[in-house]
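The following note sets out numbered comments on the model shown below. Each point takes up one aspect of the chain.

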Amino acid sequence: MEFYGIGCDHCDDMKPRIAQVEAETGKRFAKYEVWQNEKNLQILQKIDKGMCGGIPFFYNRRTRDYICGATSTENLKNWALGRPHEAFTQGEKKPFSMQETLKEWKESADKMKQTIQD
């Protein structure tokens, strides 16, 4: 499972890496957008339980392993295959905080409401 946000630079950085891992392994990532979809955000919060608190967030339902934040293609591949991997990759960009995710979602919703009212 991949949790991401539309407009999240860290998430966008992961797109080609995800595509490569999917192509090399035959595994498909279930993708959940969380900044504009409150139901998906609730799923993220239920699964995350404070492990990461931000996006991108990757969760393997079979192994219950996760990766918090952007990571290398090799680390992502190891995670997808249930191999040893790093949950937090040092030196990579830090993921957005859940507070920032919620703030961005609220701002987006407020803009939509304003557009509708205008």
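1. A residue is called exposed when its relative accessible area is over 50%, and buried when that area is under 20%. By this cut-off Lys-49 is exposed, because its relative accessible area is 70%. Lys-49 is placed in the loop between α2 and β3. The comments here concern a predicted model.

2. Overall composition. The chain has 118 residues, of which 40% count as buried. Among contacts with a separation of 6 or more, 59% are between residues 24 or more positions apart.

3. The largest nonpolar core. This core holds 16 residues, and the members that touch the most others are Phe-3, Val-34, Leu-44, Ile-55 and Phe-57. Two or more residues each come from α2 (38–48), β3 (57–59) and β4 (66–68). Helix α2 gives the largest share, three residues. As a general matter, nonpolar side chains tend to be buried together in soluble globular proteins.

4. Surroundings of Phe-3. Which residues does Phe-3 contact, leaving aside its neighbours within four places in sequence? The partners of Phe-3 are Tyr-32, Val-34, Asn-40, Ile-43, Leu-44, Ile-47, Ile-55, Pro-56 and Phe-57. Apart from the core to which Phe-3 belongs, there is a second, separate core of ten residues, and among its members are Met-14, Val-21, Ile-67 and Leu-76.

5. The disulfide. One disulfide is present in the structure. It joins Cys-52 to Cys-68, with the sulfur atoms 2.0 Å apart, and the link is right-handed, with 70 degrees about the S-S bond. Cys-52 belongs to the loop between α2 and β3 and Cys-68 to strand β4, so the bond ties together parts that are 16 residues apart in sequence. Both partners are buried: the relative accessible area is 18% for Cys-52 and 4% for Cys-68.

6. Two further cysteines. Are Cys-8 and Cys-11 buried or exposed? Cys-8 is buried, with a relative accessible area of 0%. Cys-11 also counts as buried, at 2% relative accessibility.

7. Helix α3. Seven of the eight residues of α3 are buried, and the helix is therefore largely enclosed by the rest of the structure. The buried residues are Thr-73, Asn-75, Leu-76, Lys-77, Asn-78, Trp-79 and Ala-80. The elements that cover them include α1 (9–25), β3 and β4. After α3 comes Gly-82, which has a positive phi near 75 degrees.

8. Asn-78. This residue lies in helix α3, which spans residues 73–80. Asn-78 is buried, because its relative accessible area is 16% and the cut-off for a buried residue is under 20%. When neighbours within four places in sequence are left aside, the contacts of Asn-78 are with Arg-83, Pro-84 and His-85.

9. The largest pocket. The volume of this pocket is about 220 Å³. Its lining consists of Met-1, Lys-27, Arg-28, Phe-29, Ala-30, Tyr-59, Asn-60, Arg-61, Arg-62, Trp-79 and Ala-80. Sorted by class, the lining has six nonpolar, four charged and one polar residue. Two of the lining residues, Trp-79 and Ala-80, are also listed among the buried residues of α3.

10. Backbone geometry. Most residues other than glycine have a negative phi, and most peptide bonds are trans. Where does the chain have a cis peptide bond? Such a bond joins Ile-55 and Pro-56, with omega about 0 degrees; Pro-56 is found in the loop between α2 and β3. Ile-55 is also one of the residues that touch the most other members of the largest core, and both Ile-55 and Pro-56 are in contact with Phe-3.

11. Lys-49, though not a glycine, has a positive phi of about 45 degrees. Arg-64, likewise a residue other than glycine, has a positive phi near 65 degrees. Arg-64 is placed in the loop between β3 and β4 and counts as exposed, at 64% relative accessibility. Lys-49 is exposed as well, with a relative accessible area of 70%.

Methods:
Residues numbered from 1 in each chain as written. Predicted model: local features only at pLDDT ≥ 70, side-chain atom pairs only at ≥ 80, totals over all residues. Heavy atoms only, no water. Core = buried A, V, L, I, M, F, W, Y, C linked by side-chain atoms within 4.5 Å. Buried < 20%, exposed > 50% of the residue type's maximum accessible area, 1.4 Å probe, protein only. Helix = DSSP H or I, 4+ residues; strand = E, 2+ residues; numbered from the N terminus. Contact = heavy atoms within 4.5 Å. Disulfide = S-S within 2.5 Å. 1 Å grid on protein atoms, 1.4 Å probe; cavity = no way out; pocket = protein on both sides within 12 Å on 5 of 7 lines; lining within 4 Å. Points joined across faces, edges and corners; volume = space filled by probe spheres on them. Nonpolar A, V, L, I, M, F, W, Y, C, P; charged D, E, K, R; others polar.
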